[in-house]
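Reader: Hi! Could you walk me through this structure with me? I'd like to start with the annotated sites.
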Amino acid sequence: GTPDTRTPTGVETGVAPTAHGQQGAFLTTAQGARLRDTDHSLKAGPRGPVLLQDHHLREKITHFDHERIPERVVHARGAGAHGLFTSYGTAEGLTRAGFLKKDAQTPVFVRFSTVLGSRGSADTVRDTRGFATKFYTGEGTFDLVGNNIPVFFIQDAIKFPDIIHAAKPHPDREIPQAQSAHDTFWDFVSLHTEAQHHTIWNMSDRGIPRSYRTMEGFGVHTFRLVNDAGETVLVKFHWKPKLGVHSLTWEEAQLICGLDPDFHRRDLYDAIEAGAYPEWELGLQVFPDTPGETFAGIDLLDPTKIVPEELAEVQPVGRLVLDRTPTNFFAETEQVAFHLGNLPPGIDVTNDPLLQGRLFSYVDTQLTRLAGPNFPQIPINRPHAPVNDMLRDGFHQQAVHAGVAPYRPNSLDGGNPFKAGDAENAFLDVPVRVAEAPKIRANPLSFDDHFSQVRLFWQSMSPVEKEHIIAAYTFELGKCYEQAIKQRQLQCLANVDPVLCEQVATGLGLPVPKPTQPVAEVAPSPALSQMGQVSPVD
Ligand code: HEM
């Protein structure tokens, strides 16, 4: 990659990050001592044992021995790129966020990923894809940590360890690497039927994207925007690829797994290096911030539900162009750390219980993955906004903090000129009403509808897409060892659609079950679509 003038400006560390490479006339130790030989260890004579005093040998091997860091607990396999986001200004009336003002330009880093496979797994497996974007805004970093599927498997983060344990390779055989073709996966999704919506997206062509460049991205959860007047709306984020949405066929995906397991990674890198910069438009579905947090009868806090675009169109707010490949995979793609709590002023969270748990999980895992609390100082994670925090010390601290009084107010270091309530502040909590209710471990009743949107998805498919979905269920379920699990999943399909259920059952050679509940009526009404317009560009 070419050098970039947009690299993070960095925290005030006083110590410039070193760009070690093999440039320069001399090879040195990590301490800068010049070396004459890096190919022979120091021995007691040409045939003698190696001497412990050979510091270069020990340094070289020790450092190598510690090169690996833990891979991500999920989304371990990924590929990243740098780019620029340009705002149209169409969301100005909805949010005070500076990076969404007209013509604002913001550097970004995007990491695409599969969810289940390990770091070395193949790219074209059937899986959900991550689409995580770090916007280095002047008001603090904004991380939009989304997927290429607009709904999630579960409604409450407390089940995340469970779905991942079920979907990752079996603990005994450590297979399959990254496909849905196994007992624990189908056991989970047929018992926790809220997962059926995400699962049908996986079984559709969306589960095998042709390229990262041809994927949509979704923030999944509903977020709350706050404008300069303190008014709020609820929104869902969408990325629309300029090249359109395209998938592989199952046969292509299988062949490519063998022929070029790095297919998506290579495609992203090659396209950018060739100047064919991938582009997406960022869009918003906008909903009034009503106390019920529903729209057209759909619970906006339920991450297993979409709001059909017929009911709330996606309104474009800006454009993303990826135009620079990483210089170093480890430094950038591997060490990047996304977190849903990284929000600029003007974008806030909602009470979606999946979102709420994610707010805890990312930083928590990064404390292990990136060894301690100072990973925001790693170059790829450094904000572009000036940093003046009161966080001190800890493993891998890069800063040499001046002063003696990291607390406020103080009378020793000139106080701290920040005033609570400044308009620029993030974390200006919107005073949304918190229900006065007894604490309870339960979901709202609306979360109990697990099938109507699965049916909506199925019904929106063309005949060839339906064929692909039937083939995918049949293939993946066919890999299960337990008949009872196949039958339970067929029971779920009976609640979705009789044809889908019958075709898959026939393919598996199993009897066709009857639905356990009435198959939902789902035709959306276009009359409900005229709400929540983003202000037009002038
Ligand atoms: C990683 C998306 C739900 C925990 C990721 C990544 C993406 C993502 C894109 C990869 C980030 C990267 O490229 O570094 C989503 C979406 C979700 C979801 C869209 C639902 C809407 C959850 C939940 C939890 C969770 C419910 C936990 C309660 C994690 C963890 C990582 C991760 C621990 C690894 C982070 C790291 O090591 O840096 N997720 N996720 N995710 N996610 Fe999620």
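Reader: Which residues does UniProt list for "binding site"?
Author: The unreviewed UniProt entry lists Arg72, Arg111, Phe160, Arg358, Tyr362 and Arg369. UniProt positions follow the numbering used here, feature names are shortened, and annotations may be inferred rather than shown by experiment. Residues are numbered from 1 along each chain as its sequence is written. This is a predicted model, where local features need pLDDT of at least 70 and side-chain atom pairs count only at pLDDT 80 or more, while totals for chains, interfaces and linings use all residues.

Reader: Thanks! What does Phe160 touch, not counting residues up to four places away in sequence?
Author: Ile154 and Gly357; a contact means C-beta atoms, placed from the backbone, within 7 Å.

Reader: Switching topic: how many residues are in the largest nonpolar core?
Author: That core has 97 residues, and Val235, Leu493, Cys501 and Val504 have the most contacts inside it. A nonpolar core is a set of buried Ala, Val, Leu, Ile, Met, Phe, Trp, Tyr and Cys residues joined through C-beta atoms within 7 Å.

Reader: Nice. What is Cys501 in contact with?
Author: Beyond its neighbours within four places in sequence, Cys501 contacts Leu490, Leu493, Ala494, Val496 and Val512.

Notes:
A residue is buried if 20 or more other C-beta atoms lie within 10 Å of its own, exposed if 12 or fewer, and partly exposed in between; C-beta atoms are placed from the backbone. Two residues are in contact if their C-beta atoms, placed from the backbone, lie within 7 Å.
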